[in-house]
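Visitor: I have a protein chain on the screen and would like to go through some of its details. Could you take me through them one at a time?

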Amino acid sequence: MPATVIVGLQWGDEGKGKTTDVLAEQVAMVVRYQGGDNAGHTIVLGSEVFKLHLVPSGVLYPHISPIIGPGVVVNPDTLISELDGLTARGIDVGRVRVSANAHVTMPYHVAQDRVAETALGDGRVGTTQRGIGPTYADRAARIGVRMADLCSPDALRAKLARVLPDRTLVLRAAGMPTDAFAIEPLVELATGWGDRLRGHVADTTALVQGALRRGDHVLFEGAQGTLLDIDHGTYPYVTSSSPVAGGACTGGGIGPLQVDEVIGVMKAYATRVGSGPFPTELDDAIGEGIARRGNEVGTTTGRRRRVGWFDAVSLRYAVGINSVSSIMLNKLDILSGLDEIRMCVAYEIDGRRVEAWPSSADDLARAVPVYDSFPGWREAIHGVRALSDLPENARRYVTALEDHAAVPIVLVSVGPERTQTIERAWRPMRHRATVPPSGAAVSA
Ligand code: IMP
């Protein structure tokens with residue numbers, strides 16, 4: 001399966017880093033395709049814990065080329081400090097490549113994010129305040145700074161001269177100090193980033209296409225999750241990019257027919273960070289307990305994640321729009337010890353039963369979950385390595401999830417470490433036809 005997309009099926013934080021980690025041995029390249037340093041991957045390798053925001057988790061393996069694709073927005077300060085931090089821990093970061101076309105999160109984007117959130121008051125999105133929305137807004141308005149510009153002071157100066165007057169007015173009106181947003185200090189800062197990152201900036205689309213031509217296995221790693229997608233999520237309570245599997249094409253540099261497998265990743269319960277509707281949210285001791293056992297604290301912001309029962313309505317939706325071919329179920333162990341486990345299978349909205357995901361966040365905010373109830377299990381399951389060895393009630397729960405998804409759950413995580421995983425034998429849904437080397441004659 002040369003091209004595999006890993007996509008979050010919920011509101012992010014599904015444990016996609018662990019999926020990459022489990023598949024890493026067979027993979028030659030890992031490509032981040034959207035988002036920025038709003039994301040956070042936590043990877044546990046033995047006694048070491050790595051927290052990464054921008055660099056793909058594949059960096060921890062010497063045989064993997066980690067790529068930051070053109071669909072990602074890059075805060076160079078974050079990238080440089082991650083590269084330095086990894087180097088200090090003995091990890092070779094020389095292989096990391098960043099797309100020359102990836103947009104740069106500038107200091108004024110971060111300031112704008114703060115100002116916009118404050119202005120929204122009670123209607124705020126609850127962003128990570130990393131400047132993600134304003135960076136993507138400038139990209140869409142065709143006035144963004146790209147990684148290639150960091151190595152070209154004159155081009156940079158010209159771009160900043162176009163953008164800064166407006167920006168300074170808006171920020172000053174909001175009471176922000178704007179001295180740091182003058183052209184020359186910013187050019188100096190950005191060319192400093194360029195000097196440091198020059199060796200990493202590349203045409204990553206050519207690298208990805210070259211790897212696929214060679215038949216290398218390339219993993220496309222989504223950040224955030226389907227329900228935070230700018231088009232398909234709970235707008236406006238979403239991020240400003242496309243975490244769905246389709247985003248791997250636009251943001252990673254491949255075509256839809258080059259994707260062989262889409263692995264959807266989900267937790268055995270639901271979490272959400274920031275504002276927005278969350279029908280199955282638990283505001284009680286059960287939710288507290290799940291949050292504590294599951295260590296549900298945001299990697300980037302340190303905020304406590306909101307916790308709720310698993311929502312099979314959103315699962316059915318996410319499987320469809322991502323064309324998910326197989327699923328990794330994470331954190332099943334966190335539910336051990338509960339007397340009863342609930343799963344939302346439909347909603348009641350304005351007195352009507354609704355089985356399909358509502359496209360409007362307002363409708364979702366009025367949705368009352370309809371639950372199926374499952375008896376829990378008491379046993380610890382960290383040591384289980386085969387589905388058949390799970391307690392019967394845990395098996396029943398996994399089977400119900402699989403029935404709703406209508407695609408196989410092929411990996412089940414029963415603990416944070418890579419080895420704490422149940423692997424079922426599975427076959428990729430579709431094989432990519434072998435591409436003849438360029439210039440080779442194709443026989444009829
Ligand atoms: P932004 O991406 O910082 O603009 O934030 C927009 C929304 O996406 C907010 O609700 C954030 O909490 C949420 N969000 C952004 N990144 C992540 C993530 O990695 N995990 C979970 N939620 C996220």
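This is a predicted model: local features need pLDDT of at least 70, side-chain atom pairs count only at pLDDT 80 or more; totals for chains, interfaces and linings use all residues.

Visitor: At what angle do helix α5 and helix α6 pack?

Guide: Helices (H or I, at least four residues) and strands (E, at least two) are DSSP runs, numbered from the N terminus. Axes are lines fitted to C-alpha atoms, for helices over the stretch in contact, and angles run from 0 to 180 degrees between N-to-C directions. For α5 (residues 153-173) and α6 (residues 183-197), the axes are 10 Å apart and the packing angle is about 135°.

Visitor: Which word describes the direction of α5 relative to α6?

Guide: Angles under 35 degrees count as roughly parallel, over 145 as roughly antiparallel, 65 to 115 as roughly perpendicular and the rest as oblique. The angle here is about 135°. Therefore α5 is, relative to α6, oblique.

Visitor: How do the residues in the contact of α5 with α6 divide by class?

Guide: Contact means heavy atoms within 4.5 Å. On the α5 side are Pro 153, Leu 156, Arg 157, Leu 160, Ala 161 and Leu 164, and on the α6 side are Ile 183, Glu 184, Leu 186, Val 187, Ala 190 and Thr 191. Ala, Val, Leu, Ile, Met, Phe, Trp, Tyr, Cys and Pro count as nonpolar, Asp, Glu, Lys and Arg as charged, and the others, Gly among them, as polar. The contact of α5 with α6 therefore divides into nine nonpolar, one polar and two charged residues.

Visitor: What is the handedness of the crossing of α2 and α6?

Guide: The axes of α2 (residues 76-88) and α6 come within 10 Å and cross at roughly 35°. A crossing is left-handed if the near helix is turned anticlockwise from the far one by less than a right angle, and right-handed if clockwise. The crossing of α2 and α6 is left-handed.

Visitor: Which residues of α6 make the contact with α2?

Guide: By class, this contact has six nonpolar, no polar and three charged residues. From α2 come Pro 76, Asp 77, Leu 79, Ile 80, Leu 83 and Asp 84, and from α6 come Trp 193, Arg 196 and Leu 197.

Visitor: Is His 109 buried or exposed?

Guide: His 109 is in helix α3 (residues 107-120). Buried means under 20% relative accessible area, exposed over 50%, partly exposed in between (1.4 Å probe, protein chains only). The relative accessible area of His 109 is 0%, so His 109 is buried.

Visitor: Which helix does α3 meet in a right-handed crossing?

Guide: The axes of α3 and the helix in question, residues 132-140, come within 7 Å and cross at roughly 115°. Tyr 108, His 109, Gln 112 and Asp 113 of α3 make the contact with Ile 132, Pro 134, Thr 135 and Asp 138 of the partner. The helix that α3 passes in a right-handed crossing is α4.

Visitor: How are the rings of Tyr 317 and Trp 357 arranged?

Guide: Rings of Phe, Tyr and Trp (its six-membered ring) pair if their centres lie within 6.5 Å; planes under 30 degrees apart count as stacked, over 60 as edge-to-face and the rest as tilted. By this rule the count comes to four aromatic pairs. In the pair of Tyr 317 and Trp 357, the centres are 5.5 Å apart and the planes 20° apart, an arrangement that counts as stacked.

Visitor: How many residues apart are Tyr 317 and Trp 357?

Guide: Trp 357 counts as buried, because its relative accessibility is 10%. Tyr 317 is in helix α10 (residues 312-322), and Trp 357 is in the loop between β17 (352-354) and α11 (361-365). The pair links distant parts of the chain, with a separation of 40 residues.

Visitor: What is phi of Ala 406, which is not a glycine?

Guide: Ala 406 is found in the loop between α12 (392-405) and β19 (409-413). Ala 406 is exposed, with a relative accessible area of 67%. Its phi is positive, at about 60°.

Note on methods:
Residues are numbered from 1 along each chain as its sequence is written. Side-chain values use heavy atoms; hydrogens and water are left out.
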